[in-house]
Amino acid sequence: MCIRDRAQAGVLKFANLPFVAGTSYQLWIIDAERGMEQRVSGAVFQGGQTAALVEIDPLLRINRAAAFAVTIERPGGTWVSDMTRRVVIAARPG
């Protein structure tokens, strides 16, 4: 994981995410100042690769990234996820 707060960018590496037909994976950023209810989309990507590098490009400014979540959404992602198809959620390291 490489996160650059000032640049509002970063890269996450995923391994062995299965391809799920008719869907996209979506990365969500949980800003410590906004909280879980106002998470921000950081990327939309596909699975099915042994390893995938996903560039983080938030749609809104992130003040302090505290955690990241990945969900399965309709193709192309969504503006607001209900998080029912959550794949993972993890606190930002260090």
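The questions and answers below concern a predicted model of a protein.

Q: How do you know how much confidence the predictor places in this protein, and where is confidence lowest and highest?
A: The mean pLDDT of the protein is 88, and 94% of its residues reach 70 or more. Confidence is lowest in strand β1 (residues 2–4), with a mean of 57, and highest in β4, with a mean of 96. Where pLDDT is low, the predicted coordinates should not be read in detail.

Q: Which strands make up the open sheet, and what makes β4 and β7 its edge strands?
A: The open sheet has 4 strands in the order β4-β3-β6-β7, and their pairing is antiparallel. Strands β4 (40–45) and β7 (86–91) are the edge strands: each pairs on one side only. From one strand to the next, the twist averages 15°.

Q: Why do β6 and β7 count as paired strands?
A: Two strands pair if at least two bridges are found between them. Strand β6 (residues 65–73) and β7 have 5 bridges, in the antiparallel sense; therefore they meet the requirement of at least two bridges. Alanine 67 stands opposite alanine 91 in β7.

Q: Why is isoleucine 72 called buried?
A: Buried means under 20% relative accessible area. The relative accessibility of isoleucine 72 is 14%, so this residue counts as buried. Isoleucine 72 belongs to strand β6. Leaving aside neighbours within four places in sequence, isoleucine 72 is in contact with Val20, Thr23, Ser24, Tyr25, Arg85 and Val87.

Q: How far apart are the C-alpha atoms of isoleucine 72 and glutamine 49?
A: These C-alpha atoms are separated by 16 Å, and the two residues are 23 residues apart along the chain.

Q: What makes aspartate 31 buried or exposed?
A: The cut-off for buried is under 20%. Aspartate 31 has 0% relative accessibility and therefore counts as buried. Its place is in strand β3 (residues 24–31). Not counting residues up to four places away in sequence, aspartate 31 touches Arg61, Ile62, Asn63 and Arg64.

Q: How do you know that the side chain of aspartate 31 makes a polar contact with the backbone nitrogen of asparagine 63?
A: A polar contact requires a pair of N or O atoms within 3.5 Å. A polar atom of the side chain of aspartate 31 lies 2.7 Å from the backbone nitrogen of asparagine 63, and this distance falls within the limit.

Q: Why is glutamine 8 called buried, and where is this residue found?
A: Glutamine 8 has a relative accessible area of 18%, so it is buried, the cut-off being under 20%. Glutamine 8 is found in the loop between β1 and β2 (9–17). A polar atom of the side chain of glutamine 8 lies 2.7 Å from the backbone nitrogen of isoleucine 62. Among the contacts of glutamine 8, leaving aside neighbours within four places in sequence, are Ile56, Pro58 and Leu60.

Q: Which residues have the most contacts inside the largest nonpolar core, and which elements supply this core?
A: The largest nonpolar core has 16 residues, and those with the most contacts inside it are Phe14, Leu27, Phe45 and Phe68. Two or more residues each come from β2, β3, β4, β5 (49–56) and β6. The largest share, 4 residues, comes from β6. Apart from this core lies another, of 5 residues, among them Trp28, Ala67, Ala69 and Met83.

Q: Which residues is phenylalanine 14 in contact with, leaving aside neighbours within four places in sequence?
A: Phenylalanine 14 is in contact with Phe45, Thr50, Ala51, Ala52, Val54 and Val70.

Terms used
Residues are numbered from 1 along each chain as its sequence is written. This is a predicted model: local features need pLDDT of at least 70, side-chain atom pairs count only at pLDDT 80 or more; totals for chains, interfaces and linings use all residues. Side-chain values use heavy atoms; hydrogens and water are left out. Axes are lines fitted to C-alpha atoms, for helices over the stretch in contact, and angles run from 0 to 180 degrees between N-to-C directions. Buried means under 20% relative accessible area, exposed over 50%, partly exposed in between (1.4 Å probe, protein chains only). Contact means heavy atoms within 4.5 Å. A polar contact is a pair of N or O atoms within 3.5 Å; within protein, one must be able to donate a hydrogen and the other to accept it, and residues adjacent in sequence count only if both atoms are side-chain atoms. pLDDT is the predictor's confidence in each residue, from 0 to 100. A nonpolar core is a set of buried Ala, Val, Leu, Ile, Met, Phe, Trp, Tyr and Cys residues joined through side-chain atoms within 4.5 Å.
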